[in-house]
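Let's walk through this one together, question by question. Have a look at the sequence and the fold before reading on.

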Amino acid sequence: MKESELRTLLSDLSLEEKIGQLIQLPGYFQNAGNITGPAGDMGFTQEDLRLAGSYLSIIGAEKLKKMQTEFMAQHPHHIPLLFMADIINGYRTVFPIPLAQACTFDPELVEDSAAVAAREAAASGIHVTFSPMADLVRDARWGRVMESAGEDPFLSGHMAAAMVRGYQGSDLREPGRIAACLKHFAGYGAPEGGRDYNTVELSERTLREDYLPAYAAAVNAGCELVMTSFNTLNRIPSAANTWLLREILRREMGFEGMIISDWNALEELLAHGIAADPSEAAFLALRAGVDMDMVSPIYACNLKALVENGKVPMKWIDESVWRILSLKNRLGLFEHPFKDADETAEKTVLLSDENRLRARKCAEQSFVLLRNEDALLPLSGTDAVFIGPYAESPLLNGVWSIFADDSDTVSLGSALRRCPQTREVPIARGCTMCDPEQPPIGFQHPLPLETLDAETALEEAVRLAKNAEKVVLCLGEHRECSGEAASRGDLSLPRCQLRLLDAVAAVNSNLIVVLFTGRPLDLRPLAEKAKSILLCWLPGTEGGEAVLNTLLGANNPSGKLSMSFPYCTGQVPVHYNHLNTGRPWKGGIREGRFGSKYQDIPNAPLYPFGYGLSYTTFTCSPVTLSAAHLTRSSTIRAAVTLTNTGTRTGTETVQLYIRDLSGSVARPVRELKGFTRVSLAPGESQEVAFTITEEMLRFYRLSMEYASECGDFDVFIGCDSRTDNGARFTLTE
Ligand code: GLC
């Protein structure tokens with residue numbers, strides 16, 4: 001529709017129709033949706049259903065085409081609905097969780113994964129996905145770290161922007177494209193105590209320096225929507241935070257798209273205690289700039305009266321309706337209200353062999369090899385037995401894979417059985433996935449209780465391990481133990497799994513642990529008892545195949561940690577880009593007292609950001625700089641020579657870190673400023689160069705001006721965030 005026609009449509013709408021556009025209804029109102037938040041009597045009327053602007057979490061080409069047809073026929077101006085859903089890491093073909101995808105350090109791969117997800121979801125009638133989640137995270141107690149891209153602003157920004165490009169392409173009208181909704185704005189990943197929905201307190205400098213850049217990268221990539229977060233940010237809930245939405249997001253970041261609240265977040269303004277009644281909640285949210293109310297009755301039940309009594313100017317209503325109509329128009333819904341919904345396409349696109357192959361490749365590239373003593377990996381195929389609750393479990397999708405079917409997943413057991421090399425290898429479950437006395441609370445539906453004779457299972461596992469050359473122990477956290485509302489106070493593996501680990505380690509020292517998890521865990525027991533640890537996260541539909549290909553060496557792991565694995569729960573939050581403090585501690589735990597240290601644990605995480613091994617080995621030459629001085633108009637070329645010093649072709653991610661040695665405020669001990677993946681054959685070398693610019697050195701100065709300051713800087717180039725392979729340069733006027 002031409003803009004002039006859209007303007008005319010807006011002016012023709014009644015107040016009731018305009019308010020209707022600002023309402024998103026839950027899919028289960030149509031008895032067909034997935035519930036992804038608290039259910040309950042939402043207080044909507046039949047009129048709300050007649051005039052709504054959007055539904056969420058309903059899928060299916062036939063269902064949505066029928067619904068769209070019936071809805072538009074009865075709507076006074078025949079305005080099409082927007083269908084939105086959580087396509088977080090794939091639709092029916094499930095990809096690794098975003099935290100794992102970030103470990104690929106490969107934005108192009110992540111973009112491609114998002115494009116597959118978009119094509120599948122679009123065929124099923126979806127117009128908008130509630131992704132990318134760009135919340136910076138440093139606390140693994142928070143279950144939603146699994147949806148993030150980890151602890152680094154630079155990497156998170158690249159991943160968020162890649163997902164936006166993958167979903168949206170260059171034109172939303174293109175077949176197979178859906179609109180991206182950036183979330184959760186802002187600072188949701190920093191809740192006190194790692195407890196979901198809890199208070200967030202961030203100085204403006206920390207907010208701007210660490211938490212906003214990834215959101216800004218998604219906005220700059222053109223995301224069409226932004227979702228407000230549940231949390232208070234410095235005591236103001238985001239859905240009512242005018243400074244955050246109108247000043248930061250719209251004026252500073254230049255976001256002109258649609259802002260939608262999170263699930264029922266407008267009604268939660270009452271619980272937050274900043275709205276005395278629903279009418280005030282509606283006023284605060286609209287004034288702040290929330291265009292669409294996700295499944296709360298606040299806008300539906302209060303905006304009409306607020307406009308009629310003059311408290312809410314029609315201008316606010318019209319601005320929000322305009323943004324929603326404009327999005328529908330950019331999607332081409334006025335001309336093609338079904339967009340790409342196509343029952344025939346669903347049969348060929350969803351779970352196609354091509355999509356499965358892409359999911360498998362993405363999974364293989366997301367795995368992180370944490371240990372591999374005595375080169376226990378890769379396997380020959382017949383030299384190992386497989387034990388553990390994940391050895392045959394199909395539960396390899398992240399918890400937000402709410403439209404997928406576990407029967408489509410290739411478990412490790414299935415992959416073993418269909419591979420000639422491993423068809424006969426023995427498999428034993430060993431124990432349940434969860435401690436029987438602490439089963440996870442289901443995300444969407446009650447979980448089937450695990451049944452197993454624990455003693456018999458353990459005995460069988462020990463008997464199998466005793467005579468084996470090697471043992472592959474498949475352990476991990478149940479997928480329902482991460483994700484939304486899945487905060488944990490203890491990052492240990494379940495006791496039943498630790499018991500199995502001890503029992504197997506007691507009879508066989510050639511232990512390989514394959515670890516499945518949605519978050520960093522306390523891996524000390526594994527590091528003590530296993531010679532090899534392969535971190536596979538929650539790898540998705542082709543997970544089992546990807547794991548087996550990696551265990552057998554067809555895939556050489558190349559993933560690098562997107563989030564630090566803490567020494568233990570007590571060390572959290574932990575992240576590599578911390579400040580130095582006035583008493584930095586380099587010594588051991590017992591070597592002194594008066595430093596910034598613990599008396600009982602080290603300061604360093606067990607495995608740091610950017611870390612990951614390979615079946616081959618690499619070395620980096622010393623850093624060379626093209627100049628010792630940098631000005632605002634010059635650049636410096638920083639380079640190393642990477643060499644594959646091992647016996648297999650492999651891929652290394654070379655990382656560039658910079659440290660500002662002195663500033664008008666304290667600066668992190670290092671910050672990631674570049675990365676590049678390099679594949680080399682055994683013995684091969686390649687120069688890896690980065691261009692350093694003055695813009696890279698800018699930060700929020702004491703004055704809060706975003707600028708660089710002259711002085712000395714250290715450059716580090718290496719294979720993880722601990723590298724001390726460095727050189728120094730000076731920024732001068
Ligand atoms: C949930 C989540 C959000 C999701 C939305 C719709 O509560 O916080 O990430 O997109 O509701 O399901």
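Predicted model: local features only at pLDDT ≥ 70, side-chain atom pairs only at ≥ 80, totals over all residues.

Q: In the open sheet of 8 strands, what is the strand order?
A: Helices (H or I, at least four residues) and strands (E, at least two) are DSSP runs numbered from the N terminus. Two strands pair if DSSP finds at least two bridges between them. The edge strands, each pairing on one side only, are β9 (258-260) and β10 (293-294). The pairing is parallel, and the order reads β9-β6-β5-β4-β3-β2-β1-β10.

Q: What angle does the direction of helix α10 make with that of β5?
A: Helix α10 (residues 242-252) packs on the sheet and touches β5, β6 (225-228) and β9; contact here is heavy atoms within 4.5 Å. Axes are lines fitted to C-alpha atoms, for helices over the stretch in contact, with angles from 0 to 180 degrees between N-to-C directions. For α10 and β5, that gives about 130°.

Q: Is arginine 250 buried or exposed?
A: Arginine 250 has its place in helix α10. Beyond its neighbours within four places in sequence, arginine 250 is in contact with residues including Phe255, Ile259, Asp291 and Arg323. Buried means under 20% relative accessible area, exposed over 50%, and partly exposed in between (1.4 Å probe, protein chains only). Arginine 250 comes in at 13%, so it's buried.

Q: In the open sheet of 5 strands, which are the edge strands?
A: The order is β19-β27-β26-β21-β22, and the pairing is mixed. Within it, β26 (residues 711-718) and β27 (residues 726-731) pair in the antiparallel sense over 6 bridges, with valine 715 opposite alanine 727. Pairing on one side only, the edge strands are β19 (629-630) and β22 (671-680).

Q: How much of the ligand's exposed area does the protein bury?
A: Of the 14 residues around the ligand (a heavy atom within 4 Å), those coming nearest include His184 and Asp262. Polar side-chain atoms lie 2.7 Å from a ligand oxygen for histidine 184 and 2.6 Å for aspartate 262. Taken alone, the ligand exposes 310 Å², with areas from the Shrake-Rupley method (1.4 Å probe; for residues, only the protein chains shown count as cover). The share that the protein buries is 100%.

Q: What is the relative accessibility of serine 482?
A: Serine 482 sits in the loop between β14 (470-476) and α19 (495-505). Apart from residues up to four places away in sequence, serine 482 touches Gly143, Met146 and Leu538, among others. Serine 482 counts as buried because its relative accessibility is 1%.

Q: Does arginine 495 count as buried or exposed?
A: Arginine 495 is in helix α19. Not counting residues up to four places away in sequence, arginine 495 touches Asp435 and Glu437. With 51% relative accessibility, arginine 495 counts as exposed.

Terms used:
Residues numbered from 1 in each chain as written. Heavy atoms only, no water. Polar contact = N/O pair within 3.5 Å; in protein donor to acceptor, adjacent residues only side chain to side chain.
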